[in-house]
Amino acid sequence: MNIKVDNTMMAFLLAFQDLKTSLNELEKQQLKEVAKQLNTQPKAWENYTKNLLLEIITTNPSLNRLYQDYKTRLENVEEIPQDLLPTEAETNKLIVRDSVMTKGYKPKSEASGYENQLNNVVIVVGSSETPEETVKKVTFLEKVKEFLL
């Protein structure tokens, strides 16, 4: 079974994983806000949260270039096979636990569908102390990149 995914979120994750530079402090704060909004108000994606994410992308020229490339590739694909999308187990592996505190949110939404899983990946990546390192651990993105080539 193949699934149509939100190109914005998927293109962002793919581009962010390929980004060679780090986000600045403002961009990291904005990404934390995107994660917080996705976690607490997932239905606000179209009206509010998506614009927050696009603001991060458009103000970072390197990220924007990568994002536009992946967005174009994703638009040329009808659907992504479901076996390439993240599972709950993979998302849970991204949550780094420390003896003092948990870094990253344990997503509140039920992880039943691919949209929730994609949201959960963005929530965990965006909420982590080191989002650039966390996104590199997202293994399903490599499978998606191979599929898009």
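User: How are α1 and α4 oriented relative to each other, and how do I read that?

Analyst: Two packed helices are described by the angle between their axes and the distance between the axes. Here, in a predicted model, the axes of α1 and α4 come within 8 Å and cross at roughly 130°. The axes are lines fitted to C-alpha atoms, for helices over the stretch in contact, with angles from 0 to 180 degrees between N-to-C directions. α1 and α4 are therefore oblique to each other; angles under 35 degrees count as roughly parallel, over 145 as roughly antiparallel, 65 to 115 as roughly perpendicular and the rest as oblique. The crossing of α1 and α4 is right-handed, where right-handed means that the near helix is turned clockwise from the far one by less than a right angle, and left-handed means anticlockwise.

User: Which residues make this contact?

Analyst: From α1 come N7, T8, M10, A11, F12, L14, A15, F16 and D18, and from α4 come L63, L66, Y67, Y70, K71, L74 and E75. Contact means heavy atoms within 4.5 Å. Sorted by class, the contact of α1 with α4 holds eleven nonpolar, two polar and three charged residues. The nonpolar class is Ala, Val, Leu, Ile, Met, Phe, Trp, Tyr, Cys and Pro, the charged class is Asp, Glu, Lys and Arg, and the others, Gly among them, are polar.

User: What should I know about the model and its numbering before going on?

Analyst: Residues are numbered from 1 along each chain as its sequence is written, and side-chain values use heavy atoms, with hydrogens and water left out. As this is a predicted model, local features need pLDDT of at least 70 and side-chain atom pairs count only at pLDDT 80 or more, while totals for chains, interfaces and linings use all residues.

User: How many helices and strands does the chain have, and in what order?

Analyst: There are eight helices and four strands, arranged along the sequence as β-α-α-α-α-β-α-β-β-α-α-α. Both are DSSP runs numbered from the N terminus: helices are H or I with at least four residues, and strands are E with at least two.

User: How does α1 meet α8?

Analyst: The axes of helix α1 (residues 7-18) and α8 cross at roughly 105° and come within 10 Å. That makes α1 roughly perpendicular to α8. On the α1 side, M10, L13, L14, Q17 and D18 take part, facing F140, L141, E142, V144, K145 and L148 of α8. By class, the contact of α1 with α8 has seven nonpolar, one polar and three charged residues.

User: Is K145 buried or exposed?

Analyst: K145 is buried, with a relative accessible area of 9%; buried means under 20%, exposed over 50% and partly exposed in between, using a 1.4 Å probe and protein chains only. K145 sits in helix α8 (residues 140-148). Leaving out residues up to four places away in sequence, K145 touches L14, Q17, D18 and Y70.

User: And R65, buried or exposed?

Analyst: R65 counts as exposed, at 58% relative accessibility. R65 belongs to helix α4 (residues 61-75). Between R65 and L19 there are 46 residues in sequence, but their C-alpha atoms are 9.8 Å apart in space.

User: How do α2 and α3 pack?

Analyst: Helix α2 (residues 25-40) and helix α3 (residues 45-59) pack at an angle of about 160°, with axes 10 Å apart. α2 and α3 are therefore roughly antiparallel to each other. The crossing in which α2 passes α3 is left-handed. Their contact divides into eight nonpolar, four polar and three charged residues.

User: Which residues do V34 and T49 touch?

Analyst: Setting aside neighbours within four places in sequence, V34 is in contact with T49, L52, L53, I56 and V122. With residues up to four places away not counted, T49 touches V34, Q37, L38 and A44. V34 lies in helix α2 and is buried, with a relative accessible area of 0%. T49 is in helix α3 and also counts as buried, at 0% relative accessibility. The C-alpha atoms of V34 and T49 are separated by 5.9 Å, with the two residues 15 apart along the chain.

User: What share of the chain is buried?

Analyst: Buried residues make up 49% of the 149 residues.
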